[in-house]
Amino acid sequence: MKMLINVPETVVADALRGMAAAHPELAVDVENRVIVRRDAPVAGKVALVSGGGSGHEPLHGGFVGPGMLSAACPGEVFTSPVPDQMVRAAAAVDSGAGVLFIVKNYTGDVLNFEMAAELAEDEGIQVAKVLVNDDVAVTDSLYTAGRRGTGATLFVEKIAGAAADEGQPLERVQSIARQVNENSRSFGVALSACTTPAKGTPTFDLPPGELELGIGIHGEPGRERRPMMTAREIADFSVNAVLDDLEPRNPVLVLVNGMGATPLLELYGYNAEVQRVLSERGVPVARTLVGNYVTSLDMAGASVTLCQIDEELLRLWDAPVSTPALRWGL
């Protein structure tokens with residue numbers, strides 16, 4: 001497999017050096033693997049810290065900035081960051097108002113963020129946590145006890161980030177983050193496997209002419225494999241799987257997310273089918289976001305995330321944001 005890298009061993013460090021060069025508004029510590037908004041800590045503001053294995057870009061580093069995360073901790077490819085990174089990030093951004101850890105539900109992430117919270121509290125930093133577990137495809141997976149954390153991570157980081165920027169206290173920011181997670185569901189589909197730099201070959205075997213329904217963002221198995229389907233058929237399956245679990249009574253935010261190798265031409269076409277299913281099911285749409293946001297290296301495919309919202313959550317979603325990957329209102 002051809003890749004635009006030097007050697008697999010330096011792929012994360014090289015990417016961080018490139019990110020630092022492209023975004024002077026961020027303080028990127030390449031050696032310690034921490035990305036911080038350069039104006040941190042912001043006086044009186046709750047800080048948001050997240051992180052996870054690399055390979056899902058722009059998650060999480062691309063969401064550091066005003067209106068979203070205060071800091072992010074990238075691990076090696078598909079590998080959780082370590083507690084020292086998280087504590088270093090928390091110390092860099094804590095203003096005294098507390099730090100919220102946003103944690104995707106993968107066993108390594110959960111254990112390491114829990115340990116980091118204890119270590120940070122030993123240093124006098126008040127820490128709260130929220131777990132993101134929005135994937136309806138499967139209950140337990142290769143790296144997870146319970147549902148996996150996927151596309152709703154973007155909704156949690158954006159909406160909770162806006163609440164923090166308003167000066168809301170830690171308990172309230174945590175409550176809003178939990179509300180967003182509880183109101184969100186996702187379902188992903190893979191058209192091809194992803195390839196990690198270290199391995200150099202696909203992480204799983206998906207024969208030509210087949211797709212995987214319910215794939216995880218690390219290539220974890222989904223619900224079933226089928227012969228290739230049309231965008232219309234995939235949307236029918238995926239959106240109905242989400243709606244059957246969520247059963248929204250309010251309007252929804254829609255994220256049509258590419259897995260890394262699917263072009264926008266296809267993603268917008270897929271979004272048209274997603275919107276059709278929502279209309280047929282009588283679900284009003286408040287806002288839609290289409291693009292590659294929570295990826296899986298070079299996997300072809302897409303996921304759909306819906307978040308049921310009220311007026312406050314919509315106001316926070318619409319609030320200004322300025323990050324490398326998400327920007328509006330400023």
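Colleague: Which residue with a positive phi follows α4?

Modeller: The model is a predicted one. In it, α4 is followed by Gly167, whose phi is positive, near 90°.

Colleague: How do you know that the span of helix α4 agrees with its number of residues?

Modeller: Helix α4 covers residues 152-165, which is 14 residues. The expected span is 1.5 Å times one less than the number of residues. That gives 20 Å, and the end C-alpha atoms of α4 are 20 Å apart, so the two values agree.

Colleague: What makes α4 a mostly covered helix?

Modeller: Of its 14 residues, 13 are buried, where buried means under 20% relative accessible area.

Colleague: Why is Leu313 called buried?

Modeller: Leu313 is situated in helix α8, residues 311-318. Its relative accessible area is 0%, and the cut-off for buried is under 20%. Leu313 is therefore buried.

Colleague: Which residues are in contact with Leu313, leaving aside its neighbours within four places in sequence?

Modeller: They are Ile159, Ile176, Gln179, Val180, Asn183 and Gln308. As for Val110, which is 203 residues from Leu313 along the chain, the C-alpha atoms of the two are separated by 26 Å.

Colleague: Why are α5 and α8 called roughly perpendicular?

Modeller: Helix α5, residues 170-182, packs against α8 at an angle of about 100°, and their axes are 12 Å apart. Angles of 65 to 115 degrees count as roughly perpendicular, so α5 and α8 receive that description. Their contact is made by Arg172, Ile176, Gln179 and Val180 of α5 and by Glu312, Leu313 and Leu316 of α8. By class, these residues comprise four nonpolar, one polar and two charged.

Colleague: What is the hand of the crossing, and which residues make the contact?

Modeller: The crossing of α2 past α3 is right-handed. On the α2 side the contact is made by Pro83, Met86 and Val87, and on the α3 side by Asn112, Phe113, Met115, Ala116, Leu119 and Ala120. These residues divide into eight nonpolar, one polar and no charged.

Colleague: Where are the cis peptide bonds that join Ala40 to Pro41 and Glu57 to Pro58, and what are their omega values?

Modeller: Omega is about -5° for the bond joining Ala40 and Pro41, and Pro41 lies in the loop between β2 (34-37) and β3 (47-54). For the bond joining Glu57 and Pro58, omega is about 15°. Pro58 belongs to the loop between β3 and β4 (71-77).

Colleague: What is the phi of Arg33, and why is Arg33 called buried?

Modeller: Arg33 is not a glycine, yet its phi is positive, about 60°. Arg33 is found in the loop between β1 (26-29) and β2. Its relative accessible area is 17%, which is under the 20% cut-off, so Arg33 is buried.

Colleague: Where is Phe78 found, and what is its phi?

Modeller: Phe78 is in the loop between β4 and α2. Its phi is near 55°, a positive value in a residue other than glycine.

Definitions and conventions. Residues numbered from 1 in each chain as written. Predicted model: local features only at pLDDT ≥ 70, side-chain atom pairs only at ≥ 80, totals over all residues. Heavy atoms only, no water. Left-handed = near helix turned anticlockwise from the far one by under 90°. Helix = DSSP H or I, 4+ residues; strand = E, 2+ residues; numbered from the N terminus. Contact = heavy atoms within 4.5 Å. Nonpolar A, V, L, I, M, F, W, Y, C, P; charged D, E, K, R; others polar. Buried < 20%, exposed > 50% of the residue type's maximum accessible area, 1.4 Å probe, protein only. Axes fitted to C-alpha atoms, helices over the stretch in contact; angles between N-to-C directions. Parallel < 35°, antiparallel > 145°, perpendicular 65-115°, else oblique.
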